Amino acid sequence: MSINNLDTNNSMPLHLVSLSTDEKYMLRCIQVAKNGLGTTAPNPMVGAVIVHKDRIIGEGFTSAYGGSHAEVNAINSVSDISLLKSSTIYVTLEPCSHYGKTPPCADLIVKMGIPNVVIGLKDPHKKVAGNGIKKLESAGCNVKVGILKNECKEHHKRFLTFFTKKRPYIILKWAETADGFIAPEPLKRGEEKKPFWITNTRSRQLVHKWRSDEPGILVGTNTVLADNPQLNLRDWAGKPPTRVIIDRSLKISDNFHVLDGKQKTIICTEIKDSSLYKKGVDYKVLDFKSKLPQQICDMLYTEQIQSIIIEGGSQTLKSFIESNLWDEARIFKGATSFYSGLKAPKIEGRIKKQVQILTDQLTIVRND
């Protein structure tokens with residue numbers, strides 16, 4: 001299985017049949033939009049396609065945050081702009097109607113005279129929330145909303161979760177042995193603090209791709225002390241995620257990778273004495289006696305981290321599962337056995353996908 005072909009962000013059947021014309025071009029919008037994965041947040045990764053007489057004349061996706069939106073990039077890609085006045089623009093999400101880092105996309109669509117607009121989803125953001133649609137309709141555009149609605153919801157799951165649930169989209173991830181352990185007995189480890197691998201190199205490369213997709217990654221104190229993980233990108237190109245570390249009593253010393261200052265790091269602690277804080281690390285004081293997972297979600301929402309991978313350890317994963325604060329779990333089952341050690345978490349949900357990756361089985365579970 002090629003890593004590029006394993007798309008955990010796509011719930012659509014690979015052989016969709018009997019698509020209408022609008023659905024066909026909206027599907028293309030979703031495909032184009034995926035080029036922005038990992039770079040557009042906190043903006044949504046929108047895709048736009050411009051069609052003239054059943055021929056695509058322009059495509060675009062949202063640029064890295066601060067850059068042009070998908071509609072702008074699609075319009076700018078059209079070589080003959082005179083065709084726009086008799087074209088249809090397809091977008092996965094309602095065009096914005098407000099000024100932010102860029103002007104409103106709805107205004108540009110009107111200015112360029114595009115008469116037909118087909119939209120996958122209404123934008124839940126309070127600054128848009130139907131206003132883009134109203135602006136287009138008031139200018140005389142023919143607007144359709146809700147084309148491939150479910151597929152667009154799946155595509156925009158991070159953005160929608162963030163603005164409707166006021167928390168990040170939460171991905172749990174762990175690897176377990178064939179006999180259900182995520183870590184061996186301490187005596188099986190060497191003296192050097194490093195990960196004890198359960199999965200093969202292909203699965204580990206996929207994990208690094210996932211890290212490039214999401215703006216945050218979280219682990220607990222015990223995982224850092226046992227494995228000394230770097231939580232960075234080594235086997236995939238992209239922007240490394242913000243490291244979020246739960247360290248209640250500041251047990252993690254400077255010689256651990258997570259405090260190396262090489263990427264943004266947030267430490268969740270109950271220690272208020274800032275003289276104990278390391279320069280270049282962001283510390284968030286939380287109440288560890290009361291609903292810690294929810295406090296972490298609230299903090300991540302404030303920090304504008306729209307999605308996060310929780311990589312362990314067992315206690316941290318269990319706390320989010322028991323709080324029902326998770327959206328999907330990505331579980332690797334390796335071929336080796338430990339026979340004893342730290343048991344893997346138990347989780348219930350809808351199995352979305354199962355894939356064999358060489359000797360490993362990957363199961364994607366959704367919390368519907």
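Me: How far apart do the centres of the positive and negative side chains lie?

Reply: This is a predicted model, in which local features need pLDDT of at least 70 and side-chain atom pairs count only at pLDDT 80 or more, while totals for chains, interfaces and linings use all residues. Residues are numbered from 1 along each chain as its sequence is written, and side-chain values use heavy atoms, with hydrogens and water left out. Lys and Arg count as positive and Asp and Glu as negative, with His and the chain ends not counted; each charge is placed at NZ of Lys, CZ of Arg, CG of Asp or CD of Glu. The protein has 52 positive and 38 negative side chains, and the separation of the two centres is 2 Å.

Me: Which side chain makes a polar contact with the side chain of Y90?

Reply: Y90 is found in strand β3 (residues 88-93) and is buried (under 20% relative accessible area with a 1.4 Å probe, protein chains only), its own value being 4%. A polar contact is a pair of N or O atoms within 3.5 Å; within protein, one must be able to donate a hydrogen and the other to accept it, and residues adjacent in sequence count only if both atoms are side-chain atoms. At 2.8 Å, the partner of Y90 is D22.

Me: Which residue has the backbone nitrogen that the side chain of N228 reaches?

Reply: N228 lies in the loop between α8 (221-227) and β9 (242-246). N228 is buried, with a relative accessible area of 14%. Its side chain comes to 2.8 Å from the backbone nitrogen of H257.

Me: How many of the nine residues of helix α6 are buried?

Reply: Helix α6 covers residues 157-165 and is largely enclosed by the rest of the structure. Its buried residues include K157, R158 and F159.

Technical notes: Helix = DSSP H or I, 4+ residues; strand = E, 2+ residues; numbered from the N terminus. Buried < 20%, exposed > 50% of the residue type's maximum accessible area, 1.4 Å probe, protein only.
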